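Morning, everyone. Please have the model open on your screens. I'll take you through the inside of it, then the side-chain contacts.

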Amino acid sequence: MVEFNIRLADRVIAVSALYESTRDFCSEYLTDGEADFSVCVELTDIIAEDKKSDDEREREGLKPYKYSPAYLETLALYRKIAEKMSEFDTILFHGSAIMLDGEAYIFTAKSGTGKSTHTRLWREVFGERAVMINDDKPLISFKDGVPTVYGTPWCGKHSLGSNSSAKIKAVCILHRGEKNTISKIPPELAIPELFIQTYRFSEPAGMQRVLAMLDSLTRSVGIYTLFCNMNPEAALVAYEGMKG
C-alpha cells in the first residue's frame with residue numbers, strides 16, 4: 001500500500017492507495033498534518049469503478065473503454081472522500097470555478113454545455129485578474145454559514161485548477177443561447193438544478209446533508225441562469241450581472 005496525507009477544503013485525509021501514481025496525482029495537496037479521517041482504496045473499489053464506467057457508457061450509447069486501474073483508483077478515492085466530506089459540511093460539486101479579484105464564481109451545467117469554454121473566456125477577457133480554482137469537481141465547504149470553494153486534484157481533462165480557495169460570490173447555471181442574457185433565480189428554483197450537479201448518495205442521510213448545504217448555499221450567494229454564446233461578450237455580461 002502507498003500511504004500519504006492530503007489537505008482538501010481545510011481537512012486532512014489519510015490515504016491508503018494501491019498505486020504510487022495516485023500519490024503523484026495528489027502531489028500539490030500533500031501535507032504532514034494530522035488526519036481528520038482516513039480512506040482506503042482496495043481492489044474491489046477499482047473493479048466497482050470499472051463497472052460504473054461501463055454502465056455509464058452503455059447508457060450513453062458508447063462502446064466500453066478500458067481505463068487503467070491506476071486511473072480508476074483516483075475515481076474510487078474521490079468517491080470515498082466525497083462521501084466522508086459531507087459529514088464535515090463539504091460537498092463535491094460538478095462545475096467550473098474561477099476566482100476574479102479574490103471572489104469565486106462557479107459555472108455549472110450539463111456536460112458538453114460549455115462550462116470550460118466560458119471560464120476560458122473569463123481568463124481571456126480579464127487576464128491575470130482571473131485564476132482557475134477547479135475546472136470540473138471542486139469542493140464547496142461551509143464554515144459559519146459562509147460558502148467557500150476549494151481546488152482539488154480532480155480538475156478535469158485539461159487539468160485546469162490550483163490549490164487555492166475563495167469565498168463564493170455567485171453560482172451560475174449555463175445554457176447555450178444566441179444572445180447573452182443573465183437573470184437571478186430564487187432558491188426554490190435553483191436547488192433542483194444544483195442538486196443534480198452534486199455527488200449522488202445512495203443513502204437518505206447523505207442526500208439530506210447535501211440538500212441542507214444547497215439550501216444554505218442558495219440563501220447565502222446569488223444564483224443565476226445565463227444564456228450565452230461563445231463570444232468574449234458572454235464573460236462581460238456574466239460578470240456585470242453577478243458582481244452586485
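The largest cavity has a volume of about 40 Å³. A cavity here is a set of points on a 1 Å grid over the protein atoms alone where a 1.4 Å probe fits but cannot get out. Points are joined across faces, edges and corners, and the volume is the space filled by probe spheres set on them. The structure holds one cavity of 30 Å³ or more.

Ground rules, quickly. This is a predicted model, so to speak of local features we need pLDDT of at least 70, and side-chain atom pairs count only at pLDDT 80 or more, while totals for chains, interfaces and linings use all residues. Residues are numbered from 1 along each chain as its sequence is written, and side-chain values use heavy atoms, with hydrogens and water left out.

Back to the largest cavity. What lines it? Thr-113, Gly-114, Thr-117, His-118, Leu-121, Cys-228, Asn-229 and Met-230 do, each with an atom within 4 Å of a point. Helix H4 gives the most to that lining, with three residues. Helices (H or I, at least four residues) and strands (E, at least two) are DSSP runs, numbered from the N terminus. The lining divides into three nonpolar, five polar and no charged residues. In that scheme Ala, Val, Leu, Ile, Met, Phe, Trp, Tyr, Cys and Pro are nonpolar, Asp, Glu, Lys and Arg are charged, and the others, Gly among them, are polar.

Next, the rings. There are 12 aromatic pairs. Rings of Phe, Tyr and Trp (its six-membered ring) pair if their centres lie within 6.5 Å; planes under 30 degrees apart are stacked, over 60 edge-to-face, the rest tilted. Tyr-78 and Trp-154 are stacked, at 4.0 Å centre to centre and 5 degrees between the planes. Tyr-78 sits in helix H3 and Trp-154 in the loop between strands E9 and E10, 76 residues apart. Buried or exposed? Tyr-78 is buried at 3%, and Trp-154 is buried at 7%. The scale is relative accessible area: buried under 20%, exposed over 50%, partly exposed in between (1.4 Å probe, protein chains only).

Phe-126 and Tyr-239 have ring centres 5.2 Å apart and planes at 65 degrees, so that pair is edge-to-face. Phe-126 is in H4 and Tyr-239 in helix H7, 113 residues apart. Phe-126 is buried at 10%; Tyr-239 is buried at 13%.

Arg-209 lies over the face of Phe-201, 5.9 Å from the ring centre. The rule asks for NZ of Lys or CZ of Arg within 6 Å of the centre and within 35 degrees of the ring normal.

Last, salt bridges. A side-chain nitrogen of Lys or Arg has to be within 4 Å of a carboxyl oxygen of Asp or Glu. The count is 13. Asp-50 and Lys-66 meet at 3.3 Å, N to O. Asp-50 is in helix H2 and Lys-66 in the loop between H2 and H3, so the bridge ties together parts 16 residues apart in sequence. Asp-50 is buried at 16%, but Lys-66 is exposed at 66%.

Arg-129 bridges to Asp-101 at 2.6 Å. Both ends are in loops, 28 residues apart in sequence. Arg-129 is partly exposed at 40%, and Asp-101 is partly exposed at 48%.

Technical notes. 1 Å grid on protein atoms, 1.4 Å probe; cavity = no way out; pocket = protein on both sides within 12 Å on 5 of 7 lines; lining within 4 Å.
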